[in-house]
Amino acid sequence: MTVDGLIDDVLRREGGYTHDPADAGGETRYGITAAVARAHGYAGPMRSLPVATARQIYREAYWERPRLDAVAKLTPNVAAILFDTSVNMGVVVAVAFLQRALNALNRGAQDYPDVQPDGVIGPATIAALSGFAARRGAGGDAVLAKAVEALRGERYVALAEARPANETFLYGWLSNRIG
């Protein structure tokens with residue numbers, strides 16, 4: 001698992017240009033919304049967003065800035081899931097899933113202290129993740145991944161329940177994004 005491989009997977013899954021009226025994200029190319037592209041300095045038409053720009057945005061905004069590289073050193077599988085979740089739901093939501101899962105798996109703070117589910121990977125989150133890895137060993141990665149996936153699946157269902165137009169996307173989200 002490399003960040004380039006993860007980006008390749010997202011580009012394959014997201015495809016080219018779309019502008020589905022049912023999609024609250026609006027215009028996208030390679031899964032990058034117009035709002036995200038503009039926030040990263042791209043001013044051209046979304047149909048023309050270069051793949052190199054999409055790759056750069058994915059690497060910087062969804063891997064490096066949220067510190068998923070630090071997560072990958074401890075739990076590569078979870079880092080991969082968080083990357084895809086960040087792309088699809090936002091970095092803060094993805095990281096909060098990790099933090100919530102770590103809190104729920106720490107046996108009442110016996111294994112390591114709870115962390116604030118603020119959606120930011122800081123020293124406390126890395127310490128909790130290290131504590132989890134030390135306590136649970138190699139098999140812990142799979143269990144933590146399942147916990148994050150469960151939170152992710154619940155959010156997809158909640159999004160479809162809250163906005164009927166999202167029902168159009170629910171099957172694909174569950175089919176393509178939940179392991």
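The largest pocket of the predicted model holds about 820 Å³ of space. A pocket is defined on a 1 Å grid over the protein atoms alone, as an open set of points where a 1.4 Å probe fits, with protein on both sides within 12 Å along at least five of seven lines. The volume is the space filled by probe spheres set on the points, which are joined across faces, edges and corners. The model is predicted, and local features need pLDDT of at least 70, side-chain atom pairs count only at pLDDT 80 or more, and totals for chains, interfaces and linings use all residues. Residues are numbered from 1 along each chain as its sequence is written, and side-chain values use heavy atoms, with hydrogens and water left out.

The lining of the largest pocket comprises 29 residues, a lining residue being one with an atom within 4 Å of a point. Glu 14, Asp 23, Thr 28, Asn 88 and Trp 173 lie nearest the centre of this pocket. Two or more lining residues are given by each of α1 (3-14), β3 (32-33), α3 (51-64), α5 (76-89), α8 (140-162) and α9 (167-177). Helix α9 provides the largest share, five residues. Helices (H or I, at least four residues) and strands (E, at least two) are DSSP runs numbered from the N terminus. By class, the lining contains eleven nonpolar, eleven polar and seven charged residues. Here Ala, Val, Leu, Ile, Met, Phe, Trp, Tyr, Cys and Pro count as nonpolar, Asp, Glu, Lys and Arg as charged, and the others, Gly among them, as polar.

The strands β1, β2 and β3 form, in that order, an open sheet of three strands with antiparallel pairing. Strands β1 (17-18) and β3 are the edge strands, each pairing on one side only. Strand β2 (residues 28-29) pairs with β3 in the antiparallel sense over two bridges; two strands pair if DSSP finds at least two bridges between them. Within this pairing, Thr 28 stands opposite Thr 33 in β3. Thr 28 is also among the residues nearest the centre of the largest pocket.

Two loop residues are buried. Asn 166 is placed in the loop between α8 and α9 and is buried, because its relative accessible area is 10% (buried, under 20%; exposed, over 50%; partly exposed, in between; 1.4 Å probe, protein chains only). A polar atom of the Asn 166 side chain lies 3.2 Å from the backbone oxygen of Leu 159. Asn 166 touches Ala 22, Leu 159, Ala 160 and Trp 173, residues up to four places away in sequence not being counted; contact means heavy atoms within 4.5 Å. Thr 75, in the loop between α4 (68-74) and α5, counts as buried because its relative accessibility is 2%. On the same exclusion of residues up to four places away in sequence, Thr 75 touches Leu 129 and Asp 141.

Ala 35 is found in helix α2 (residues 34-39) and counts as exposed, at 59% relative accessibility. The C-alpha atoms of Ala 35 and Gly 25, ten residues apart along the chain, are separated by 8.4 Å.

Most residues other than glycine have a negative phi. Arg 107, however, has a positive phi near 55°, and Ala 109 has a positive phi of about 65°. Arg 107 is partly exposed, with a relative accessible area of 34%, and Ala 109 is partly exposed at 38%.

Terms used: Polar contact = N/O pair within 3.5 Å; in protein donor to acceptor, adjacent residues only side chain to side chain.
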